[in-house]
Amino acid sequence: MYKLSSLDLMESFRWKQLLLKRNLDSVACTCLALLVFTMLVLRIVLVPSVSSFGRINQENHDLIRNCSNRDLSDRRIGKDKFLEVPQIVWGLNNQKIAFARSCLTARMLNRTLLMPSLSASLFYKEIDQLQPISFDKVFQFQRFNSLCNGFVQLGRYSDIRNRTGLYEIQKGSGRKWTVERDMNQLREFSQEPYDGYEVIRIVGKNPFLWHDHWPVKDYARIFECLVLVEEIESEASRVVSKIREIGNKLRSSDSDGLVQPAPYVAVHMRIEIDWMIHCKNLERRSNINQICSSKEEIMEHVGNIAGIEPPTVVYLAVADSLLEDPSILAGWKDGFNPYEKKKLGVDGIYKKYPYLIQSAIDYEVCSRADVFVGNSFSTFSSLIALERTQKLIRMGVTSSCGMDVRWPSYAYNIKGESNSPQRWMTNMSDSSLKAISYGTNIISC
């Protein structure tokens with residue numbers, strides 16, 4: 001009988017190990033493929049059905065938002081390369097737009113955006129009045145990264161390892177710096193040799209306020225990831241509770257003796273002197289007469305909205321300069337009970353904070369309203385309408401024209417049927433955010 005040598009035995013054992021490994025790898029790959037296929041089927045079957053429910057708890061809402069935030073455009077974000085931007089300025093919603101543009105620029109460059117500074121005060125020519133405030137003092141840092149995971153990413157300066165240094169990009173300004181030149185610059189700096197630097201720093205005068213390269217849906221996706229810190233959210237909830245408390249007192253309880261949450265209308269009332277000067281000039285330059293609205297016109301249009309059951313509270317989101325003007329509370333239609341933060345007794349909440357936080361609270365109060373009415377040429381109003389449009393879309397509503405829907409929005413500066421304000425839904429398929437940034441009288445309906 002032929003006997004195997006020790007060398008032959010070792011060789012035979014090695015081949016058996018190799019064959020076993022290949023079999024195990026094949027089984028593992030097959031199992032992995034089956035798992036991926038099963039997950040794809042579940043996503044196709046389950047996610048659309050979940051989005052059709054309007055009344056869902058916060059956990060489910062976040063789950064749906066996370067699922068909707070992952071699509072084929074997602075890609076691996078460079079977590080070891082960073083983009084640094086200057087302090088972001090102007091009002092709250094212009095800052096949100098500038099922040100989103102910064103995120104999308106970082107995404108295009110395949111970089112993580114270093115957490116920027118916002119501005120607690122309104123923008124003035126004097127730099128010392130900008131009062132910088134860290135992003136995570138207004139919005140939740142970890143929550144942002146969780147909700148926007150795979151799309152854009154925020155990093156901290158402590159993440160920098162100083163391996164390959166820093167490169168500065170000078171952004172242009174003025175009429176000669178066109179959208180096309182801006183995009184060409186971004187393409188250039190997304191490639192070698194600039195791609196090799198660990199940090200690219202953008203310098204220039206407010207470089208993310210003006211140029212726009214991305215569709216509305218990309219901005220909307222980032223806005224969905226912006227969640228206020230608990231302190232600010234809690235203050236907004238206190239204001240909303242006060243509004244509903246007054247509304248409950250105006251209404252009787254139901255047959256069971258339980259008081260139902262009273263609905264309220266929120267009106268972003270732009271009638272300040274500086275706004276009226278601006279909008280008159282804008283009407284003249286753009287040859288559009290649907291921008292300015294007097295307080296009398298606003299009151300009349302809001303009073304003609306169909307479906308509002310009196311008595312109801314009308315919360316007026318107005319500038320502090322108007323709080324001493326009693327005329328804004330007079331002349332409303334019977335059953336429409338106007339309140340601003342001073343009459344509501346919550347002005348003390350607002351006075352504790354700088355302008356940016358005050359605006360964030362008012363934004364949240366208006367966003368949560370059962371009915372919102374604003375000016376389509378206001379960035380504040382436009383972003384609220386955008387957020388409420390997203391709510392409707394998640395419920396399966398693609399158009400509110402001629403329909404009774406939850407969270408309807410209206411533009412009082414555009415006359416609709418029966419002298420009421422025009423229904424308002426954001427066109428989510430728009431190729432740029434220009435309409436929202438600078439205003440429009442084309443509001444879907």
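Axes here are lines fitted to C-alpha atoms, for helices over the stretch in contact, and angles run from 0 to 180 degrees between N-to-C directions. The model is a predicted one, where local features need pLDDT of at least 70 and side-chain atom pairs count only at pLDDT 80 or more, while totals for chains, interfaces and linings use all residues. Residues are numbered from 1 along each chain as its sequence is written, and side-chain values use heavy atoms, with hydrogens and water left out.

Helices (H or I, at least four residues) and strands (E, at least two) are DSSP runs, numbered from the N terminus. Take helix α7 (residues 230-250) and helix α12 (residues 355-368): they pack at an angle of about 50 degrees, and their axes lie 9 Å apart. That makes α7 oblique to α12, since angles under 35 degrees count as roughly parallel, over 145 as roughly antiparallel, 65 to 115 as roughly perpendicular and the rest as oblique. The crossing of this pair, α7 and α12, is right-handed (the near helix is turned clockwise from the far one by less than a right angle).

Next comes an open sheet of six strands, in the order β10-β9-β8-β11-β12-β13, with mixed pairing. Two strands pair if DSSP finds at least two bridges between them. At the edges stand β10 (336-339) and β13 (421-423), each with a single partner strand, so one side of each has no neighbour in the sheet. On average, neighbouring strands of this sheet are turned by 30 degrees against each other, direction ignored.

Within that sheet, strand β11 (residues 371-374) runs parallel to strand β8 (residues 264-268), joined by three bridges, and V265 stands opposite V371. β11 also pairs in the parallel sense with strand β12 (residues 409-415), over three bridges; here G374 has A411 as its bridge partner. In β11, V371 and V373 point one way, F372 and G374 the other, and all are buried (under 20% relative accessible area, with exposed over 50% and partly exposed in between, using a 1.4 Å probe and protein chains only). β12 and β13 pair in the antiparallel sense over three bridges, and K415 is partnered by P421 in β13.

Elsewhere, helix α3 (residues 92-108) has 17 residues and reaches 24 Å from its first C-alpha to its last, close to the 24 Å expected at 1.5 Å a residue (1.5 Å times one less than the number of residues). It is mostly covered, with 15 of its 17 residues buried. Just after α3, N110 takes a positive phi of about 55 degrees.
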